[in-house]
Amino acid sequence: MSEPAVLVEGLAKEFTLHLQGGVRLPVLRDLSLSVFPGECLALVGPSGTGKSTLLRALYGTYVPQAGRIHVLHRGRMVDLASADPRQILSIRRDTIGHVSQFLRVIPRVPARAIVAEPLIHRGESRQAALRAADAMLARLNLPERLWHLPPATFSGGEQQRVNLARGFIVHYPILLIDEPTASLDPVNADIALSLIEDARKRNAAIVGIFHDPAVRLRVATREFALAPLAEAA
Amino acid sequence: MTEPPLLSVRGLDVRFGALAAVDDVSFDVWPGEVVAIVGESGSGKTTLLRSIHGFIRPTAGSVLYRSDRFGEVELTMLDEPRRRLLARTEWGFVHQNPRDGLRLSHSAGANVGERLMAAGARHWGKIRAQALAWLDRVEIDPTRIDDLPRTFSGGMQQRLQIARVLVTNPRLVLMDEPTGGLDVSVQARLLDLLRRLVADLGLSVILVTHDLGVARLLAQRILVMQRGRVVEAGLTDQVLDDPQHPYSQLLVSSVLFA
Ligand SMILES: Nc1ncnc2c1ncn2[C@@H]1O[C@H](COP(=O)(O)OP(=O)(O)OP(=O)(O)O)[C@@H](O)[C@H]1O
Ligand SMILES: [Mg+2]
């Protein structure tokens with residue numbers, strides 16, 4: 001195989017809750033993994049072991065206390081853990097897509113504009129971006145009457161489809177996906193999974209959290225197990 | 001990536017007697033970037049903004065600005081005529097209270113036109129046409145062009161102030177709680193307008209707000225201020241989703257949604 005797209009070495013993340021008397025919650029310790037283009041790595045482990053935490057660290061939202069998160073960005077490895085904010089924004093624009101578990105709606109902005117936004121950030125014309133957004137929303141079966149409405153009042157499944165459309169509209173080389181099918185019916189879940197399969201076929205490196213074993217069986221090529229940390233002495 | 005910052009603040013201090021209102025603040029603003037400064041009232045946000053703009057002389061430190069006209073200039077040492085020229089053309093300041101940024105005894109059109117004239121425009125017809133275009137852009141009915149801002153609602157006055165600032169095409173806009181003091185629905189409309197304008201014009205903005213929701217919506221980066229110091233800085237999602245400093249954690253935990 002070629003170079004990995006993601007290479008994590010010795011990652012440590014703990015949370016200090018200053019408002020709770022400074023309680024410390026170690027979540028990840030000395031974690032290392034790699035993800036190659038064309039792979040879909042499923043993070044598995046009991047609730048609270050840090051699967052979502054790891055995903056957020058891979059997106060640069062959670063800054064780790066130790067370790068490196070190398071990602072292949074424009075042909076070279078860049079360490080997200082020590083990158084400056086503008087580098088992280090550039091990595092998010094061109095290299096890493098993140099489909100979070102829930103859509104964070106932008107107040108009063110219609111669904112199709114939310115979906116089109118990542119393309120516009122990359123310099124695509126507004127018109128072309130909106131056309132691509134409509135195509136994504138159509139593929140995800142979102143009723144056309146909803147495209148021009150802000151998703152704040154949408155059902156969970158409708159919001160999730162807007163979220164998926166936004167996450168897949170750019171062909172990112174690295175994709176982070178948290179529970180893509182949790183609020184979808186079987187037909188729409190199947191469409192979501194086909195998006196993941198397509199991304200993998202075009203050689204994206206994917207890291208995902210899929211609680212449903214059948215989903216994992218279908219899309220994941222490898223699993224990575226997280227275990228609870230032993231209580232810190 | 002190698003493009004230099006538009007503004008570099010280094011070691012800025014503003015003292016009022018024994019009080020360090022701004023204490024050793026350093027940060028950069030890059031072209032097209034919105035940086036939010038958050039913190040409770042009294043934390044020094046407004047003083048920091050006003051000292052960057054030159055309304056207040058800092059006690060120590062440096063503010064380097066890359067000007068279109070003059071190249072690199074050190075704002076704390078700039079002579080008054082050049083500072084004024086920059087303030088009228090390349091920068092803008094949006095006051096929390098629109099009455100501080102408007103002339104209430106002049107018509108709406110004159111308020112917008114005055115800044116154009118201060119920046120060198122002379123042709124009356126063109127000035128009026130630009131004023132009309134900007135009123136429309138900030139969603140003020142152009143037939144109100146000859147009315148006094150006194151007869152406008154708070155939200156309209158704030159939108160007029162924004163038109164007055166943006167009409168000269170500034171590169172850097174300093175905003176002090178632009179949505180403060182407005183009803184929520186009026187705030188929402190103003191926020192939508194700001195979001196659109198900032199994106200369309202590629203503005204660099206330093207935005208002072210105590211509203212983390214506003215920061216989430218508009219800013220790429222956040223600085224958290226407490227007692228005059230920047231206690232935490234980072235990408236908006238880093239600071240709001242995983243605040244590190246006890247004071248940032250307190251701020252984030254105090255709001256319902258951000
Ligand atoms: N921003 C944060 N601040 C404080 N603690 C956090 C934060 N984010 C996560 N945690 C804590 O980290 C631990 C791991 O959480 P995480 O959400 O990563 O688990 P998970 O493996 O995704 O669980 P699940 O399967 O239930 O989704 C939990 O104890 C959680 O409370
Ligand atoms: Mg989780």
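**View 1. Ligand 1 sits in a site shared between chains, since residues from both A and B surround it.** Keep in mind that this is a predicted model. The shell around ligand 1 counts 14 residues, and those that come nearest are Ser47(A), Gly48(A), Lys51(A), Ser52(A) and Thr53(A). Sorted by class, the shell has 7 polar, 5 nonpolar and 2 charged residues.

**View 2. Polar contacts to ligand 1 include ones from Ser47(A), Gly48(A) and Tyr62(A).** Ser47(A) uses its side chain here, putting a polar atom 2.5 Å from an oxygen atom of ligand 1. Gly48(A) works through its backbone instead, with an N or O atom 2.9 Å from a ligand oxygen. Taken alone, ligand 1 would expose 640 Å², and the protein buries 69% of that.

**View 3. Two elements of chain A, β1 (6-17) and α1 (51-58), each supply at least two residues of the shell around ligand 1.** Helix α1(A) gives the most, with 3 residues.

**View 4. Val162(A) and Phe168(A) touch the most other members of the largest nonpolar core, a set of 93 residues.** Helix α6 of chain A (residues 186-201) brings the largest share of this core, 7 residues. Chain B takes part too: domain 1 (7-90 + 170-256) and domain 2 (102-169) of that chain each provide at least three residues to this core.

Key:
Residues numbered from 1 in each chain as written. Chains lettered and ligands numbered in written order. Predicted model: local features only at pLDDT ≥ 70, side-chain atom pairs only at ≥ 80, totals over all residues. Heavy atoms only, no water. Near = heavy atom within 4 Å. Polar contact = N/O pair within 3.5 Å; in protein donor to acceptor, adjacent residues only side chain to side chain. Areas by Shrake-Rupley, 256 points an atom, 1.4 Å probe, with all protein chains shown as cover. Helix = DSSP H or I, 4+ residues; strand = E, 2+ residues; numbered from the N terminus. Nonpolar A, V, L, I, M, F, W, Y, C, P; charged D, E, K, R; others polar. Core = buried A, V, L, I, M, F, W, Y, C linked by side-chain atoms within 4.5 Å. Buried < 20%, exposed > 50% of the residue type's maximum accessible area, 1.4 Å probe, protein only. Domains from an automatic or database assignment.
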